[in-house]
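Hi everyone, thanks for coming.

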Amino acid sequence: MKIHYELMGDMNKVKLPRKIHIIGSVGSGKTTLAKELSQLLGASHHELDNVVWKRSLEGDTRRSDKEKMEFIKDIIDSDAWIIEGVHTDDWIEDSLLNAELIILLDPSYGIRNIRIIKRFLRQKLKMEMANYRPSIRIFLRMFKWNRYFEHTVKPFIFHRFPAYGHKIIIAESKLDVIEYLIFIERKSEAG
């Protein structure tokens with residue numbers, strides 16, 4: 001298990017989070033984790049891609065930064081939420097500020113590439129739904145996005161996010177996160 005949470009501060013004061021922001025590359029497992037945490041914690045689940053894009057049968061339309069910030073505000077005003085995505089632009093700032101826990105889900109680069117292949121095959125075989133049409137073009141772009149995340153976004157996250165250090169964990173897998181939450185729950189119950 002690789003999970004880093006030594007920056008969480010006084011562990012005796014930490015409670016089970018109800019507002020969580022998950023960041024990770026394509027293929028990191030952030031949507032799967034968010035869905036499971038949503039059920040576990042009774043929190044709504046929101047994909048940042050669905051904040052960026054207005055979805056319609058005629059095609060997707062990109063929202064302006066102002067519209068995205070208003071959309072995020074509506075989410076974070078609720079009692080419990082899980083927001084997940086790869087986005088690190090300024091319009092997500094309110095989500096990061098209001099999150100009780102920020103998770104950087106960071107399996108190895110190779111594992112993410114394998115997951116991209118498996119996802120594409122499941123989508124093409126109609127075993128998994130997508131918010132987009134699974135084309136060869138998108139498939140190849142996912143590898144490019146994964147490489148970009150590894151070499152550009154991840155270093156940017158480590159540079160930008162020290163201000164949130166007290167509420168950030170870095171985990172390789174959803175099981176690591178679940179183990180961490182169990183640890184938090186036991187610590188809060190012990191008083």
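Let's begin with a definition: on a 1 Å grid over the protein atoms alone, a cavity is a set of points where a 1.4 Å probe fits but cannot get out. Grid points are joined across faces, edges and corners, and a volume is the space filled by probe spheres set on the points. With that in hand, the largest cavity holds about 40 Å³ of space. Please keep in mind that this is a predicted model, where local features need pLDDT of at least 70, side-chain atom pairs count only at pLDDT 80 or more, and totals for chains, interfaces and linings use all residues. Residues are numbered from 1 along each chain as its sequence is written, and side-chain values use heavy atoms, with hydrogens and water left out.

How many cavities of 30 Å³ or more does a search of the whole structure find? The search finds one. Lining residues have an atom within 4 Å of a point, and for this cavity they include Ile-116, Arg-119, Tyr-132 and Met-142. Two elements, α5 and α6, each give two or more residues to that lining; helices are DSSP runs (H or I, at least four residues), strands are runs of E (at least two), and both are numbered from the N terminus. The most comes from α5, with four residues.

Now for the open space. A pocket is an open set with protein on both sides within 12 Å along at least five of seven lines. The largest pocket has a volume of about 1,700 Å³. Its lining has 50 residues, and Val-26, Asp-49, Arg-119, Tyr-132 and Trp-145 lie nearest its centre. Here α6 gives the most, with 10 residues. By class, the lining divides into 17 nonpolar, 14 polar and 19 charged. Ala, Val, Leu, Ile, Met, Phe, Trp, Tyr, Cys and Pro count as nonpolar, Asp, Glu, Lys and Arg as charged, and the others, Gly among them, as polar.

On to the helices. The axes of α5 (residues 109–124) and α6 (residues 136–160) come within 10 Å and cross at roughly 165°. Axes are lines fitted to C-alpha atoms, for helices over the stretch in contact, and angles run from 0 to 180 degrees between N-to-C directions. So α5 and α6 are roughly antiparallel, a label for angles over 145 degrees, while those under 35 count as roughly parallel.

What about α1 (residues 30–41) and α7 (residues 174–190)? Their axes also come within 10 Å, crossing at roughly 30°, so α1 and α7 are roughly parallel. In this pair, Thr-32, Leu-33, Glu-36, Leu-37 and Leu-40 in α1 meet Lys-174, Val-177, Ile-178 and Leu-181 in α7. That contact has six nonpolar, one polar and two charged residues.

How values were computed. Parallel < 35°, antiparallel > 145°, perpendicular 65-115°, else oblique. Contact = heavy atoms within 4.5 Å.
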